[in-house]
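Please keep the viewer open as you read.

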Amino acid sequence: MNDQRRFRSIFECDIGESTVIHDFVDLYKCKIGSNSKIDSFVYIEEDVVIGNFVKIRPFTFIPTGVTIGDYVFIGPNVTFTNDKYPKIGEEWQLLRTNVEDHVSIGAGSVILPGINIGKHSMIGAGTIVTKDVQPGTVVTGNPARPRLQGKRNTISAEKSKSKLTR
């Protein structure tokens with residue numbers, strides 16, 4: 001048995017060129033773009049779409065209904081949700097979440113379902129995102145509140161690309 005296959009579960013995924021996937025991951029029917037990194041203990045469900053040059057740190061959960069753009073950083077222990085009222089054995093409503101390009105999500109953040117996080121936004125560590133985040137906004141806290149708005153958080157594509165390779 002190949003050591004690379006022994007410690008990960010990857011089922012019917014479309015994975016782009018030069019994407020690195022570490023051990024102890026569960027990826028199920030998702031699409032991951034090129035030049036991305038998926039660290040250990042990451043769980044990604046069916047129909048999740050992840051762009052190019054995305055870095056996902058350990059212990060992150062991304063359920064069905066989440067779309068992540070290009071040049072996105074997701075810190076460790078980030079949890080996305082897709083159902084406002086989860087229950088066992090009952091009907092549920094999928095609420096889709098969209099993370100646009102050049103977004104950074106700090107460690108331990110929770111993204112509630114049905115959220116849009118605008119381009120060049122930054123989510124501080126430990127933030128609970130309960131509402132849409134406007135483009136170029138820095139939010140922190142529980143619930144998330146805007147701290148900075150505008151182009152201060154703009155990171156060039158080339159700078160993001162160089163950081164990903166570290």
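## Basis of the model

This is a predicted model, in which local features need pLDDT of at least 70 and side-chain atom pairs count only at pLDDT 80 or more, while totals for chains, interfaces and linings use all residues. Residues are numbered from 1 along each chain as its sequence is written, and side-chain values use heavy atoms, with hydrogens and water left out.

## Two open sheets

Helices (H or I, at least four residues) and strands (E, at least two) are DSSP runs numbered from the N terminus. Two strands pair if DSSP finds at least two bridges between them. Strand 2 runs parallel to strand 5 (residues 31–32), and 2 bridges join them.

Another open sheet has 8 strands in the order 3-6-9-12-15-18-20-21, with mixed pairing. Here the edge strands are strand 3 and strand 21 (145–148), each pairing on one side only. Strand 20 (residues 138–140) pairs with strand 21 in the antiparallel sense over 3 bridges. Threonine 140 stands opposite arginine 145 of strand 21.

## Aromatic pairs

Rings of Phe, Tyr and Trp (its six-membered ring) pair if their centres lie within 6.5 Å; planes under 30 degrees apart count as stacked, over 60 as edge-to-face and the rest as tilted. By this rule there are 5 aromatic pairs. One of them joins phenylalanine 11 and tyrosine 28, which is stacked because the ring centres are 5.3 Å apart and the planes meet at 10 degrees. This pair links distant parts of the chain, with phenylalanine 11 in strand 1 and tyrosine 28 in strand 4 (residues 26–28), 17 residues apart. For accessibility, buried means under 20% relative accessible area, exposed over 50%, and partly exposed in between (1.4 Å probe, protein chains only). Phenylalanine 11 is partly exposed at 38%, and tyrosine 28 is partly exposed at 34%.

Phenylalanine 24 and phenylalanine 41 also make a stacked pair, 5.3 Å centre to centre with 5 degrees between the planes. Phenylalanine 24 lies in the loop between strand 3 (20–21) and strand 4, and phenylalanine 41 in the loop between strand 6 (37–38) and strand 7 (43–44), so the pair ties together parts 17 residues apart in sequence. Phe24, Phe41 and Phe59 form one aromatic cluster.

## A nonpolar patch

Phe7, Phe24, Phe41 and Phe59 make a nonpolar surface patch of about 390 Å². Patches take residues with over 30% relative accessible area and no salt bridge, joining like charges within 9 Å and nonpolar side chains (Val, Leu, Ile, Met, Phe, Trp, Tyr) within 5 Å. A salt bridge is a side-chain nitrogen of Lys or Arg within 4 Å of a carboxyl oxygen of Asp or Glu. Areas come from the Shrake-Rupley method with a 1.4 Å probe, and for residues only the protein chains shown count as cover.

Phenylalanine 7 sits in the loop between helix 1 (3–6) and strand 1 (9–11), and is partly exposed at 31% relative accessibility. Phenylalanine 24 is partly exposed at 42%, and phenylalanine 41 is partly exposed at 42%.

## Two cysteines

How many disulfides are there? The count is 0, with a disulfide taken as a pair of cysteine sulfur atoms within 2.5 Å. For cysteine 13, the nearest cysteine sulfur is that of cysteine 30, 3.6 Å away. Cysteine 13 is partly exposed, at 22% relative accessible area, whereas cysteine 30 is buried at 4%.
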